[in-house]
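Here are my notes on this one, as numbered points. Have the coordinates open while you go through them.

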Amino acid sequence: MAQMGRPRSFDRQQAIEQAMHLFWEQGYESTSLSQLKASIGGGISAPSFYAAFGSKEALFNEAVQCYLASYARVTACLWNDALAPREAVELALRQSTTMQCEPGHPKGCMVAFGVMSAPTPAHADVAKPLAESRARTYAGFIRCVERAIAAGELTANTDARALATVFNSFLLGISTSARDGVDVATFQGAIAEVMKVWDALRKQA
């Protein structure tokens with residue numbers, strides 16, 4: 001009778017979440033295999049690590065998908081047509097800010113920090129899902145502005161891409177500021193100010 005393999009001494013999903021936190025904090029290249037093994041615990045060996053996840057890149061991909069399916073959902077409201085366009089934009093900013101400042105995980109946004117995850121050409125493809133997520137969020141802002149123009153809320157000559165860039169750039173900047181210690185209350189006040197840009201472009205009755 002063949003001997004059964006030794007069962008894994010770790011929870012695989014929990015290991016992916018722990019790896020996600022490391023990659024979120026440090027980026028792809030700066031996170032070492034030894035750090036990933038230590039985060040999993042249980043004295044996992046390199047062969048066991050590769051048997052469980054295939055490679056560091058494969059684990060990063062799983063960590064990214066874990067992030068996109070959870071934390072990154074804070075901007076999904078940009079695509080919710082049941083919300084008024086301005087409401088959707090403000091909600092995305094407020095939800096993302098709250099998430100980026102809350103305890104229990106690294107500050108900032110893994111999607112925003114994805115620009116630092118694979119700085120060399122050899123690993124350029126590893127951060128592609130994060131780049132695609134950033135592009136989708138930007139497209140969501142553009143879509144909200146275009147909906148508001150079509151509905152007559154914003155003036156017809158409003159530059160949709162320019163206004164969307166105001167909100168998207170603000171959102172991307174939150175990550176760096178959060179790591180620099182800016183608190184959520186300050187961000188919430190800043191959001192109220194940045195939304196005045198939208199209000200200034202409202203079509204007069």
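1. Overall burial first: of the 205 residues in the chain, 42% are buried (buried is under 20% relative accessible area, exposed is over 50%, partly exposed is in between, with a 1.4 Å probe and protein chains only). Keep in mind that this is a predicted model, where local features need pLDDT of at least 70 and side-chain atom pairs count only at pLDDT 80 or more, while totals for chains, interfaces and linings use all residues. Residues are numbered from 1 along each chain as its sequence is written, and side-chain values use heavy atoms, with hydrogens and water left out.

2. On the fold, the chain has eight helices and zero strands, running α-α-α-α-α-α-α-α from the N terminus. Helices here are DSSP runs of H or I with at least four residues, strands are E runs of at least two, and both are numbered from the N terminus. The C-alpha trace spans about 80 × 35 × 35 Å along its principal axes. Among contacts with a separation of 6 or more, 69% join residues 24 or more positions apart (a contact means heavy atoms within 4.5 Å).

3. Now the largest pocket, with a volume of about 320 Å³. Its lining counts 20 residues, and Ala72, Thr75, Val111, Ser133 and Thr137 are the closest to the centre. Two or more lining residues come from each of α5 (85-101), α6 and α7, and α6 gives the most, with four. For the method: on a 1 Å grid over the protein atoms alone, a pocket is an open set of points with protein on both sides within 12 Å along at least five of seven lines, and lining residues have an atom within 4 Å of a point. Grid points are joined across faces, edges and corners, and the volume is the space filled by probe spheres set on the points.

4. Which residues make up an aromatic cluster? Phe23, Tyr28 and Phe60 form one. The structure holds 10 aromatic pairs (rings of Phe, Tyr and Trp, the last by its six-membered ring, with centres within 6.5 Å; planes under 30 degrees apart are stacked, over 60 edge-to-face, the rest tilted). Phe23 and Tyr28 count as stacked because their ring centres are 6.1 Å apart and their planes are at 20 degrees. Both Phe23 and Tyr28 are buried.

5. Two charges over rings are worth a look. Lys56 lies over the face of Tyr28, 4.5 Å from the ring centre, and the charged end of Arg136 sits over the ring of Trp79, 4.3 Å from its centre. The criterion is NZ of Lys or CZ of Arg within 6 Å of the ring centre and within 35 degrees of the ring normal.

6. Is Met195 buried or exposed? Met195, in helix α8 (residues 184-200), is buried, with a relative accessible area of 0%. Leaving out residues up to four places away in sequence, Met195 touches Arg86, Val89, Glu90, Leu93 and Phe167.

7. Thr158, between α6 (128-150) and α7 (160-179), is buried at 10% relative accessible area; not counting residues up to four places away in sequence, Thr158 touches Val145, Ile149, Leu163 and Leu201. Ser45, between α2 (33-40) and α3 (46-53), is partly exposed at 30% relative accessibility.

Methods. On a 1 Å grid over the protein atoms alone, a cavity is a set of points where a 1.4 Å probe fits but cannot get out, and a pocket is an open set with protein on both sides within 12 Å along at least five of seven lines; lining residues have an atom within 4 Å of a point.
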